[in-house]
Each structure stands twice: as C-alpha cells, then as structure tokens.
Amino acid sequence: WSALFARPHGVNLPQLSVVSSAAATDPLPAVFPGGAAERGFAMRHREDEGYTLAPGTFREFFIGPDAFRHLRRYLPQLRSELAATRLRPMAPGGFPDAWGTPRRWAADAESPFERQRILDPAPNMHALKRTLARFAEVFPDIGRPRIRKAWAGMIDTMPDTVPVIDRVPDLPGLIIATGMSGHGFGIGPAVGRIVADLAVERPVGHALDRFRYPRFFDGSPIRPGPAL
C-alpha cells in the first residue's frame, strides 16, 4: 500500500506487487532440516513434520495503472524475469493497483485502506501442482506430497528488487521503509532498528546509499539486486 498511501502527498514511489502461492503438505519423511530452493520449487521443513512448498521464482502480476506509469523503470527486471511471471489483466477490486482503486480522496472520506483492509489473493493451484510434481522428481523415494492447505500473498517489489529505506526530502518527518521484495521477514529486524534510528536521528551505523529513495529519479542506473 505504500505507493498509494504516499501519492496524495506528492511522493512518486515506483512500487508494485506480485502474488506468490504456497502450500503446506501432510507430514513427510525429513529430507532437509531447513529451507532450500532449486529451479522448480522452494521448501521449508515445518514443525508439524510437513513442508511448506512454493513454486520457485514463479509469481503472478496484476496489470494496473501503476504498471504503465513505472514501466520504463521496470524494464531491466522484466527482461530478466518475464519468463517466470504470469501477467494477469486486472487485480481484484480494492487491491492497491486495481483499475477502480481511487488514487486520491478527501481527507474526511473513506480511504482505500479502510475499504479494503485485508488482501487475500487466491493461490494458483496449477502452479502448486507443478511444484508437487517437481518435488516428486527430486525426491522420488517420497513421491508426490499431498497438500494440507494452500494460500497466496502479495509481495511488494521495487524496480531493482532493493528496498527503499530513506527520509523523503520534501516531507520532513516522513520515512519510507518499503519494497522489501520478498526479503522482509529475513531483514525485518535490522530494518526496524534502522528506521527507529532514523526517526530519532541517531546514527544508523550503516551506509544506506543503496536504499535511497531518489535513486529512481536522479539518473542513477537501475541495478537489480537479489531476485525474489
């Protein structure tokens, strides 16, 4: 929601979102104690003895107004990752970049965030079935797992798959920390500490040049970071 939240305040944040699906399997023999990924799937062993499986780098992208607005900035990412992306013509109603989502609203009117408080996209069961088949190829002694439950979620991303962690120069007091690009759970504790230091004007102890907000507008080359 960050781009939509910031736009009425004059902040042009080139943030988009993709949808990724995942599934939890029934209990299976332990083949690896942690998390791992290969070209067809990613997996993580669960405390209930099953696995959480996801279809590797495959993701879905809902085309909306912001997709066209920021297309030029996303071209490097599109060239390298289009084959792993399924393009969908429109987002469900109320989603951040849906065609009917208001971009501006009166201060005393209902905001898009109040109207649509939870994003709950449907999982892509076809992609998950391919994931199960690939898992069975890699671990033939286990075979094809059974899905206990499946879900999907929205992942916010930036043109270079690198977050924005920065103050907004023209709006004193506004700090942006968004676009974690699939790495939010892993880097969340560090980002939280850094943002807290920024808020109270303490030294953050790190060089944040790579995470600058103006990098998308000051002529800096867009250098993609780690993939989703």
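Me: Which residues does D160 touch, not counting residues up to four places away in sequence?

Reply: Contact here means heavy atoms within 4.5 Å. By that criterion D160 touches Q77, R210, R215, F216, I222, R223, P224 and G225, with residues up to four places away in sequence not counted. D160 is found in the loop between β7 and β8 (164–167), where helices (H or I, at least four residues) and strands (E, at least two) are DSSP runs, numbered from the N terminus. This is a predicted model, in which local features need pLDDT of at least 70 and side-chain atom pairs count only at pLDDT 80 or more, whereas totals for chains, interfaces and linings use all residues. Residues are numbered from 1 along each chain as its sequence is written, and side-chain values use heavy atoms, with hydrogens and water left out.

Me: Is D160 buried or exposed?

Reply: The classes are set by relative accessible area, with buried meaning under 20%, exposed over 50% and partly exposed in between (1.4 Å probe, protein chains only). D160 has a relative accessible area of 2%, and is therefore buried.

Me: What is the mean pLDDT of the protein chain?

Reply: pLDDT is the predictor's confidence in each residue, from 0 to 100. Where pLDDT is low, the predicted coordinates should not be read in detail. Here the protein chain has a mean pLDDT of 91, and 99% of its residues reach 70 or more. Among the elements of the chain, β4 has the highest mean pLDDT (96), while the lowest (86) belongs to helix α3 (residues 71–81).

Me: Which residues make up the largest nonpolar core?

Reply: In soluble globular proteins, nonpolar side chains tend to be buried together. A nonpolar core is defined as a set of buried Ala, Val, Leu, Ile, Met, Phe, Trp, Tyr and Cys residues joined through side-chain atoms within 4.5 Å. The largest one in this model has 10 residues, namely A3, A6, V11, L13, M158, V164, V168, I176, Y213 and F216. Leaving aside its neighbours within four places in sequence, V11 is in contact with A6, V168, L171, L174, I176 and Y213. Apart from this core lies another, of eight residues, among them L28, Y51, L132 and F135.

Me: Where is A3 placed, and what does A3 touch?

Reply: A3 sits in helix α1 and is buried, its relative accessible area being 4%. Not counting residues up to four places away in sequence, A3 touches L13 and Q15. A3 and D156 are 153 residues apart in sequence, and their C-alpha atoms are 10.0 Å apart in space.

Me: Which residues lie closest to the centre of the largest pocket?

Reply: Rolling a probe the size of a water molecule over the atoms shows where empty space is left. On a 1 Å grid over the protein atoms alone, a cavity is a set of points where a 1.4 Å probe fits but cannot get out, whereas a pocket is an open set with protein on both sides within 12 Å along at least five of seven lines, and lining residues have an atom within 4 Å of a point. Grid points are joined across faces, edges and corners, and a volume is the space filled by probe spheres set on the points. The largest pocket holds about 870 Å³ of space. It is lined by 25 residues, of which S20, A54, I155, G182 and F185 are the closest to its centre. Two or more lining residues come from each of β1 (16–25), β3 (42–45), β4 (51–54), β7 (147–157) and α6 (184–199), and β7 gives the largest share, six residues.

Me: How do the residues of that lining divide into nonpolar, polar and charged?

Reply: Ala, Val, Leu, Ile, Met, Phe, Trp, Tyr, Cys and Pro count as nonpolar, Asp, Glu, Lys and Arg as charged, and the others, Gly among them, as polar. The lining of the largest pocket has 14 nonpolar, eight polar and three charged residues.

Me: What volume does the second largest pocket have?

Reply: Its volume is about 360 Å³. Of the 19 residues that line the second largest pocket, W1, S17, P96, L119 and M154 lie nearest its centre.
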